[in-house]
Amino acid sequence: MYYAEILYARRRLLIFAAVAVLVAAVFTYFVTFPPPNAHVVNNGQDVPFDAVLGFGGFFATIMASMVAASMNRSSLHLPYVWTKPASRERTALSYMLVDILTILAAFAVVVAICSIVLALPPRNRMTFDHQTLLMLSRSLAVPLMLYAVVEAATSWTPRRLAAAGGLIWPIGFALDFLTEINLPFPLAQVFFVLNIFNPIAYIPTIRFHSHLEISASSPLPLDFNGQTIVALCIFVLACCIATYNWRRMQA
Amino acid sequence: MNPAPPVIAFDNLTKRYRNFEAVHDLTLHIQAGSICGLLGPNGAGKTTAMKTLLGFLRPTSGSTAVDGAPVTPQTFEYLSYVPETDALFGELTVAQHVELNRLSQPRHDESRAQELLGVFGLDRRKRVRKLSKGQKTALALVLALASKPRVLVLDEPSSGLDPVFQRVVLDLLIDAASEGGTVLFSSHQVGQVERAADHVAIMRGGRLLVYSDVDSLKGQEKIIEATFPSSIPDLNGALRVDAVRRIDHAGNMVRISVRKDDGEIAQRLAPYNPTSIRVVDRNLEDIFLDVVSEKN
């Protein structure tokens, strides 16, 4: 059954890559041939690779919401999917593996395009620092977490919940906002706990002044690395829940 | 000698959804090489019974088995299912579905698949969402039969097909059974069951009302058709016999359903001077309508 998911994910990845290439081409054109009254500095700049990774992670999260809810999406096809000589767990894992590889591919596409576009001018330099590996792991953890949370939230029912991949963005931002404001007991505590499972809350904030600042915005009082580990743990847990729910579903 | 164990077995199966009992205490055994037609009006419990057999639904009580054991993923190496609803992938082409079947079914026979695509005239490049309902049914059948299954479970297998392809489907089922396969199929069309099935099960309201082989079921009752020259005389006195189940009038003809025909009814009609008397088998449609319209 992974073949059907490969075809679905491939189509989304091609659209995603085509849009990324188009945006990069437009950006390159305006930087190379800026309008007469525009001031564009594109020589001798330091381009921090951490920022490129953060950019890639954000767009990989968009890709994650495009391929998420794959088990729920397959609910229309269960009489076909579940009558093959493969266990439901194996089928679910093959779906998730294809989707995860697609998310990683989308991340690689964005990072590659950004690196080429930003480093192309001969005098620009890509810079790396001690945070690069941390940023790489966080940039991958957030899209994977979003994907798995949507899977877990939608895999238990044969009813179509395919829009969940898109809805998680406004819901996630709203939840993060509600956690920030001072709400009375017990609402504040409820939103705090819910926000732990909100992938949007784990998107790092990148500011670029004289140097790059990466701020962690997780609901948990942990350092950047600790939050990333929590996000990856939620990813694994949510994948297990999604598989269990899907296996138990009646159709 | 013990009879061979059934290939498909429902034992005291009950499936309840909250307050609604979709299937009640269904016991049905289908032997190898048999084609069983499952008949019943909408809501009779046919699809629920099939879905429970295949493991899509958990039984409330009772059990189901294929080859003496509950269905596992390995069962689907030799069991194919054609669902009532369109379960194919709309975005995939016909050829991609065949490829999907090849990758997921160890027993997939590519030459058989191509042969069947030709039989149904399916365009390999067409996306499934652009196929008609009948073509989707045909593709589902192609995929099911391309795996050379030993057990076939089909829910309304000729739904949406034109009469020519309906006949093709029935012939394919008969071929499958003649090669030792076991077929369970549901249908609203009694004629299809009569043509293809050797056994018939009739359900209504979740209960199995009749399960019998088709020939003996039809032989259990006869219809005596007596035609009179003008109007039908008053026959009430003559037909007050235990064997008579039902009397229908149609113009100047009277149709009498009898449990057995030993010539007594014909003798009783003779004094009324009918122009003709003939004894015919009841067809399955008559039996089906009688069964589902009977109270309780």
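**Notes on the two-chain model**

1. Start with A:Met145: leaving out residues up to four places away in sequence, A:Met145 touches A:Pro199, A:Tyr202, A:Ala231, A:Ile234 and A:Phe235. Contact here means that C-beta atoms, placed from the backbone, lie within 7 Å. Keep in mind that this is a predicted model, in which local features need pLDDT of at least 70, side-chain atom pairs count only at pLDDT 80 or more, and totals for chains, interfaces and linings use all residues. Residues are numbered from 1 along each chain as its sequence is written, while chains are lettered from A and ligands numbered from 1 in the order in which they are written.

2. A:Met145 also turns up in the largest nonpolar core, which has 133 residues; A:Ile103, A:Met145, A:Ala148, B:Leu139, B:Val142, B:Val153 and B:Leu173 have the most contacts inside it. Domain 1 (8–217) and domain 2 (221–293) of chain B each give this core at least three residues. Another core, of 8 residues, lies apart from it and includes B:Ile224, B:Val254, B:Ile256 and B:Ile265. A core is a set of buried Ala, Val, Leu, Ile, Met, Phe, Trp, Tyr and Cys residues joined through C-beta atoms within 7 Å; buried means 20 or more other C-beta atoms within 10 Å of a residue's own, with 12 or fewer counting as exposed and anything in between as partly exposed, all C-beta atoms being placed from the backbone.

3. Now the chain contact: 22 residues come from chain B and 18 residues from chain A. On the chain B side, helix α2 (residues 94–104) gives the most, with 5 residues. Helices (H or I, at least four residues) and strands (E, at least two) are DSSP runs, numbered from the N terminus.

4. Chain B is assigned domain 1 (8–217) and domain 2 (221–293); such bounds come from an automatic or database assignment. Their C-alpha centres lie 38 Å apart. Between them, 12 residues of domain 1 of chain B are in contact with 7 residues of domain 2 of chain B. On the domain 1 side, α6 (190–196), β8 (199–204), β9 (207–213) and α7 (214–220) of chain B each supply at least two residues.

5. Finally, chain B has an open sheet of 4 strands, ordered β11-β12-β10-β13 with antiparallel pairing; strands pair if DSSP finds at least two bridges between them. β11 (244–250) and β13 (276–281) of chain B are at the edges with a single partner strand each, so one side of each has no neighbour in the sheet. β11(B) is joined to antiparallel β12 (residues 253–258) of chain B by 6 bridges, and B:Val244 has B:Val258 in β12(B) as its bridge partner.

Definitions and conventions: Contact = placed C-beta atoms within 7 Å.
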